[in-house]
Every structure is written in structure tokens, then in C-alpha cells.
Amino acid sequence: MTAPTKRALKAACERLATTDKALARAYEAIGVPVWRSSPPGYGMLARMIAYQQITTKAAATIWGRVEDFLGDVTAEAVLEADPEALRACGLSRPKVSHLTSIAEAMVSGELNLARVCAADLDSARQELISVRGIGPWTAELFLLYAIGAMDAFPTADVGLMEAHKQLGRYKTRMESKAFTAHAERWRPHRGVAAHLLWGWLNAERARDSAPKAG
């Protein structure tokens with residue numbers, strides 16, 4: 001697991017701020033964002049699957065139940081578990097199926113995360129998305145968090161699109177295809193742009209939820 005240095009992140013942020021007013025405002029508000037890092041492993045991928053397409057609060061509750069039930073969330077533990085017991089934790093049937101598929105790929109060696117982390121980004125992406133249950137969004141998050149790839153980018157991330165809309169002061173949020181095209185100008189630092197947007201959005205949410213004085 002690696003993460004870009006603060007110096008590299010600062011240089012990337014300063015460049016990004018010259019390319020996009022939304023990113024300039026995010027950088028002005030939060031400075032150099034903290035890079036999200038996580039050790040590569042089955043548990044990391046499983047958590048991403050659990051968090052997909054539901055609110056963070058709901059996902060955290062479900063994931064807590066999964067951890068309470070399994071203990072260490074490993075491929076072997078998931079394969080040994082009763083799928084209906086995993087469903088009882090709050091996971092949807094498709095998510096249980098995806099967790100099982102990824103676990104089977106890791107146990108069989110079809111998916112080798114050490115190999116993924118050592119590969120070039122295109123090869124790493126291909127190995128990840130070749131496994132049923134790992135889509136492009138999950139693959140890009142893995143490349144960001146586990147490898148520290150500064151240009152990995154989860155293109156359909158609603159949080160990124162919403163943050164960009166608010167920071168850019170646009171009336172409507174870009175559709176995924178348009179947002180992906182817009183993000184091309186951020187290469188080779190699209191992952192840094194994502195962290196700027198996430199960092200700003202989380203800071204805003206924290207401010208909104210803070211107790212009001214008086």
C-alpha cells in the first residue's frame with residue numbers, strides 16, 4: 001500500500017486549480033486533501049461492495065453487522081458462511097452473490113491482489129474487472145486506495161458529481177458521461193481531483209451536522 005507524498009499532492013492540487021474553478025474552490029477551502037489509503041485485501045473489496053448505492057449511514061450499519069458476524073472479513077470466511085446469514089446482515093442478494101464470486105476468485109488464484117498491485121494500471125484494471133462483482137467503480141477505488149494511483153478515477157461516483165456541481169455553482173449536475181469527459185482535463189491527476197472533491201464534500205457535511213451555537 002502506498003500513497004502520494006504531500007509534496008506531490010500539493011503540486012497536483014496547484015495544477016488542478018488552474019484547470020477548473022470548482023477544483024480551485026475546493027483547494028482554497030480545504031488545502032491539500034488527506035489521501036484515502038487501505039491495505040489491499042478481500043475485506044477492502046467486500047467493504048466497497050457493501051457500501052455501493054446506499055447511504056453511508058446505512059452501509060456502515062450493515063458493514064458493522066457483517067464484521068460482527070464474520071469476525072475477520074476474509075474470502076474463506078465468506079465462502080464458509082451461510083448466504084442467508086449474510087443476507088440477514090442487510091446485504092442484498094446480488095451483493096452476497098458478488099462477495100461470493102470475488103471470494104472464489106481470490107481463493108482459486110484467478111484474482112491475485114499482490115499481482116494487481118505490482119502491475120501497470122491498465123493490467124491491474126483488467127484483472128480486477130474480469131471478476132464478476134468488481135465493476136469499474138470498485139476497480140478504480142481499489143487503485144486509488146491500495147496503490148495510490150494518482151490518475152485512477154471512479155467516473156460514475158455521485159458524490160464527486162454533486163461536489164463538482166456545488167463548487168462550480170452549476171444549476172444542474174452533469175450526467176456521468178459528460179462528467180467523465182470533463183474530467184479528462186484533469187489528467188494525469190484525476191485521483192487527486194477526486195480527493196479534493198470528496199474532501200470538500202465531507203467538510204461541508206461535517207459543518208452542516210455540527211451543533212449550532214446558542
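A pocket is defined, on a 1 Å grid over the protein atoms alone, as an open set of points where a 1.4 Å probe fits, with protein on both sides within 12 Å along at least five of seven lines; its lining residues have an atom within 4 Å of a point. The structure is a predicted model, in which local features need pLDDT of at least 70 and side-chain atom pairs count only at pLDDT 80 or more, whereas totals for chains, interfaces and linings use all residues. Residues are numbered from 1 along each chain as its sequence is written, and side-chain values use heavy atoms, with hydrogens and water left out.

The largest pocket is lined by 25 residues, and R36, Y51, T56, W137 and D157 are those nearest its centre. Its volume is about 1000 Å³, a volume being the space filled by probe spheres set on the grid points, which are joined across faces, edges and corners. At least two lining residues come from each of the helices α3 (42–51), α10 (136–147), α11 (158–168) and α13 (190–209); helices are DSSP runs (H or I, at least four residues) numbered from the N terminus. The lining of the largest pocket comprises 11 nonpolar, eight polar and six charged residues. In this classification Ala, Val, Leu, Ile, Met, Phe, Trp, Tyr, Cys and Pro count as nonpolar, Asp, Glu, Lys and Arg as charged, and the others, Gly among them, as polar.

The structure holds 10 salt bridges, each being a side-chain nitrogen of Lys or Arg within 4 Å of a carboxyl oxygen of Asp or Glu. One of them pairs K10 with E14, whose closest N and O atoms are 2.5 Å apart. Both residues belong to helix α1 (residues 6–17), where K10 and E14 are four residues apart, about one turn of the helix. K10 is partly exposed at 39% relative accessibility, and E14 is likewise partly exposed at 37% (buried, under 20% relative accessible area; exposed, over 50%; partly exposed, in between; 1.4 Å probe, protein chains only). A further salt bridge joins E84 and R93, with an N to O distance of 3.2 Å; E84 is partly exposed, at 43%.

The salt bridge between R187 and D151 has its closest N and O atoms 3.0 Å apart. Because R187 lies in the loop between α12 (176–183) and α13, and D151 in the loop between α10 and α11, this pair ties together parts that are 36 residues apart in sequence. R187 is partly exposed at 36% relative accessibility, whereas D151 is buried at 14%. Through salt bridges that share partners, D151, E184, R187 and R190 are joined into one network.
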